[in-house]
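Dear colleague,

I am handing over the structure below, together with an account of what was found in it. Please read the notes with the structure open beside them.

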Amino acid sequence: MPKVAKKPARKTPAKKPAGRRTTARKAAPRRKIARRQPGKLEKLGQQLDEGAGLLATGAIQLTALLLLSGGLLLFMLSLFTGALATFPERLAALPETAARGLGLNVMQVTVKGGDELTTRQIMAALRDEDRGSIIGRPLFLVDAGELRENLLALGPVREAAVQKLLPGTIHISVATRAGKALYQNAEGAFFVIDAGGIIISEAAPTEYTELPVVSGTADPKEVADFLTLLRRYPVLYARTAGIEVISSRRVDLRFRNGFLVKLPEEELEPALARLQSLDAGTGSLADNLDYLDLRDPDWAYFQPKEKQ
């Protein structure tokens, strides 16, 4: 039996295990970017540009620092020298609590002069109705001009100066008025007045008995000129007990021994000179006369005492 050639059996490929299917990709070629290397001149230019930028930045910073320093200096000058007239008003809006946080608060008050003033009077003049005592208030918020006006409102004060001293002192210099007479008003109250007739303080009738008493006027300034003139004759001034203003036109002078002199409206100085020559205020005239009338510049009238 003839042999039949058999076809070789087809081999079936083996199955791959199930899994993630991957496909091979070719790597994309890298893009090469050609960069031109800078030359020496270009490098120098870049360095110069960078240096110029640094200089400009430094100049801006320096300018800002100078402006800040100048502003701070101006700030300090305005606080303590009054360089800016409107600065206190600008600080008025600053809250008190914030100002206190800056420090430099008033810790003490020193006074030069003003022996006639009490500590209570001075501190009351420095007190603020809203902020209270001067102690503890921020020094740069204190208005020295306002404090000076408050001190000048005190009767005994003729002149005052207020200084703010770092770190926390208010220094006051005071010149007071000197009492030259007592003034008695229509109600009978007594007040010490200076040579200009300005009331200094109230006084008890038993105080200042060495001073003459001014009466007969609602304004003691009316006798200011006469007081100045009378003090040119210190002996007469020392012997004078009372000065009575008559109808706001002239004065009667009463000495301590009770002797009365009626003075003229004008030419007062010649009349006082005549009184001094007569040794007025001593016992000789008072023992024989009730009064002496010098209202007539050419004649002197008198009233003899009645003999007992």
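Predicted model: local features only at pLDDT ≥ 70, side-chain atom pairs only at ≥ 80, totals over all residues.

In total the structure holds nine salt bridges. Another of them joins Glu265 to Arg249, with 2.4 Å between the closest N and O atoms. Glu265 belongs to the loop between β10 (260-262) and α8 (268-277), and Arg249 to the loop between β8 and β9, so this pair ties together parts that are 16 residues apart in sequence. Here Glu265 is partly exposed, with a relative accessible area of 47%, and Arg249 is likewise partly exposed, at 46%.

Arg131 forms a salt bridge with Asp128, and the closest N and O atoms of that pair are 3.8 Å apart. With a relative accessible area of 42%, Arg131 is partly exposed, whereas Asp128, at 14%, counts as buried because buried means under 20% relative accessible area. There is also a network of salt bridges, which links Arg148, Glu149 and Glu159.

**The sheet of three strands**

Three strands form an open sheet with mixed pairing, in the order β1-β3-β2. The strands β1 (108-113) and β2 (157-165) stand at its edges, and each has a single partner strand, so one side of each is left without a neighbour in the sheet. Neighbouring strands of this sheet are turned by 20° against each other on average, direction ignored.

β2 and β3, in contrast, pair in the antiparallel sense over eight bridges, and they form a hairpin with three residues between them. Lys164 has Ile170 in β3 as its bridge partner. Helix α5 (residues 144-152) lies across β2 and β3, and runs at about 155° to β2.

**The sheet of nine strands**

Nine strands form an open sheet, again with mixed pairing, in the order β6-β5-β4-β7-β8-β9-β10-β11-β12. At the edges stand β6 (199-203) and β12 (301-304), each with a single partner strand, so one side of each has no neighbour in the sheet. The twist from one strand to the next averages 25°. Within this sheet, β8 (residues 240-246) and β9 (residues 250-255) run antiparallel and are joined by six bridges, with Glu244 standing opposite Asp252 in β9.

**Two loop residues**

Which residues does Val223 contact, leaving aside its neighbours within four places in sequence? They are Val214 and Val245. Val223 itself is placed in the loop between β7 (213-215) and α6 (224-230), and at 1% relative accessibility it counts as buried. Its C-alpha atom is separated by 8.6 Å from that of Val251, although the two residues are 28 residues apart along the chain.

Thr209 lies in the loop between β6 and β7, and at 51% relative accessibility this residue counts as exposed, because the cut-off for exposed is over 50%. Thr209 and Ala241 are 32 residues apart in sequence, while their C-alpha atoms are 8.7 Å apart in space.

**Nonpolar cores**

The largest nonpolar core has 37 residues, and those with the most contacts inside it are Phe226, Leu253, Val261, Leu263, Leu272 and Leu275. A second, separate core of 17 residues includes Leu117, Ile134, Val162 and Val174.

Not counting residues up to four places away in sequence, Leu263 touches a number of residues, among them Phe226, Leu253, Leu272 and Leu275.

With kind regards

Methods. Residues numbered from 1 in each chain as written. Heavy atoms only, no water. Core = buried A, V, L, I, M, F, W, Y, C linked by side-chain atoms within 4.5 Å. Buried < 20%, exposed > 50% of the residue type's maximum accessible area, 1.4 Å probe, protein only. Contact = heavy atoms within 4.5 Å. Pairing = 2+ DSSP bridges. Helix = DSSP H or I, 4+ residues; strand = E, 2+ residues; numbered from the N terminus. Axes fitted to C-alpha atoms, helices over the stretch in contact; angles between N-to-C directions. Salt bridge = Lys/Arg side-chain N within 4 Å of Asp/Glu carboxyl O.
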